[in-house]
Amino acid sequence: MRKIQSKSKIVATVGPASSSREVLEGMVKAGVDVFRLNFSHSSYEEHEKIIKNIRAINEDMGYYIAILADLQGPKLRIGEVENGMVLLQEGRELEMTTDDIVGTAERIGVRYPSFVKDVKVDETVMIDDGKILLKITEKNGQTVKARVLHGGELYPKKGVNLPNTKISLPCLTEKDLKDLEFALKMNVQWIGLSFVRSASDVLELKHIISSHNRKTRVVAKIEKPEAIEDIDNIIKATDAIMVARGDLGVEIPIREVPLIQKEIVRKCLRHSRPVIIATQMMESMIQNIHPTRAEVSDVANSVMDGADALMLSGETSVGKFPVKVIETMQSIITHVEKNSDIYNHEYPPSNDQSETFISDSICYSACKVVQRTGAKAVVGMTHSGYTAFKLSSHRPDANIFVFTDNPGILSMLNLVWGVRGFFYDKEISTDHTIADIKYFLKKHGYVNEGDLIINIASIPLGEKGRTNMMKLSRVD
């Protein structure tokens, strides 16, 4: 059994630096809960090998490490450039085309067929995360002309952001649909949907997943201004949210990102949706053995805000120290979680006509009892995972142990704050089940004799209905 390391979870991107079984296992032991596969890179053969390695680790070590398949989405990029780099000089005019060309300092290609149709004069074009800034001055046939407002070295295949432009590309590109089919075939637990613009994008993906008879959950990545405008509907439609600060910080004024991050976390807690904070959390550790003070503060603040999970990208995919960065992040999280201020978010159920009102009230009350009694654990029974999501959203200062007869949700729950899942399919009475689970938790060192624990469940257990019972007792 895996020891409890922290309540906030760690998502790590797999890449050349971390794809071997040995490194993956080291990262899991250091604290990884979810591995992210970035479908912007690597072949299906490479992804499949990584998935098999992760599942072998789970099988051999009794873990439930989850897999997040992150679709590329309608990411715009420039084409090739001559000699591997061209220098764009401020004030110069630049021609941009959708033709497949090798770019120069005077003319570059954009790999987006509708680029000329979508952009308008006076709109801004950002390249390479905003390092290069252009302004459209003229449209003509299959080309546009732009003035270089801020120049610099331009490398091939760098990303293009159009913060003022309404993109006509669908949220799911042809590549995404192929990647999605592969990910569903591999039965991953989570799909990351990039460049979400509205709730309908999420619903479209969910429809495709359902048509493949899968229960895969969706992470909506927030990185477009349109998504901020529709955030309430997106949160209701999706299963989890990712605050993807990289593209978001290019698409909107960067000064707005911190407050938007905090607001999205609050909304996700209220709606019981897990939320991931991503991008540049420990960026300097791609090259360095230690993070900067600012990165430590960023990680700590994200935990204090209430994030379910923190995500690492280049730090673990191409960085020099993939295991060390996990150890460092884990140590920061563990230290911050000693602070009582991060616990006990209070969002009592308000709609007494809701079909989930009784189960929501039980989950809320269980977390209030934790505050009153100092109980060490809340133990739930679930088939769908709903109880785990709801308990987690209240952020109790206690461990959340979830037992289920549905093995398909165990790895999925590894993304959710504070939740540790276990398979349990015995069909015995409520009292015997509670006693049996207590024995299991004590045997494996999750609780100790004399600890108060709270059990919640649906009675009668055999009906597998909504949670309607709570019991407070001591461990014998």
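## A salt bridge between K131 and D128

At 13% relative accessibility, D128 counts as buried. K131 is partly exposed, at 49% relative accessibility. The side chains of these two residues, K131 and D128, form a salt bridge, 3.7 Å from N to O. The model described here is predicted.

## Other salt bridges

The structure holds 26 salt bridges. One of them joins D60 and R21, at 3.0 Å from N to O. This pair links distant parts of the chain: D60 sits in helix α2 (residues 44–61) and R21 in helix α1, 39 residues apart. D60 is exposed, with a relative accessible area of 55%. R21 is partly exposed, at 27%. A network of salt bridges links R21, E25, K29 and D60.

R36 and D70 also meet through their side chains, at 2.7 Å from N to O. R36 belongs to strand β2 (residues 34–38) and D70 to strand β3 (residues 66–70), so the pair ties together parts 34 residues apart in sequence. Both R36 and D70 are buried.

## Helices α1 and α12

The axes of α1 (residues 21–30) and α12 (residues 322–336) come within 9 Å and cross at roughly 10 degrees. The two helices are therefore roughly parallel to each other.

From α1, the residues V23, G26, M27 and A30 meet P322, V323, I326, E327 and Q330 of α12. The residues of this contact divide into six nonpolar, two polar and one charged.

## Around S359

S359 lies in helix α13 (residues 357–373). S359 counts as buried, at 4% relative accessibility. Its side chain reaches the backbone oxygen of T356 at 3.1 Å. Leaving aside neighbours within four places in sequence, S359 is in contact with Y386, R466 and T467.

Conventions: Residues are numbered from 1 along each chain as its sequence is written. This is a predicted model: local features need pLDDT of at least 70, side-chain atom pairs count only at pLDDT 80 or more; totals for chains, interfaces and linings use all residues. Side-chain values use heavy atoms; hydrogens and water are left out. Helices (H or I, at least four residues) and strands (E, at least two) are DSSP runs, numbered from the N terminus. Buried means under 20% relative accessible area, exposed over 50%, partly exposed in between (1.4 Å probe, protein chains only). A polar contact is a pair of N or O atoms within 3.5 Å; within protein, one must be able to donate a hydrogen and the other to accept it, and residues adjacent in sequence count only if both atoms are side-chain atoms. Contact means heavy atoms within 4.5 Å. Axes are lines fitted to C-alpha atoms, for helices over the stretch in contact, and angles run from 0 to 180 degrees between N-to-C directions. Angles under 35 degrees count as roughly parallel, over 145 as roughly antiparallel, 65 to 115 as roughly perpendicular and the rest as oblique. Ala, Val, Leu, Ile, Met, Phe, Trp, Tyr, Cys and Pro count as nonpolar, Asp, Glu, Lys and Arg as charged, and the others, Gly among them, as polar. A salt bridge is a side-chain nitrogen of Lys or Arg within 4 Å of a carboxyl oxygen of Asp or Glu.
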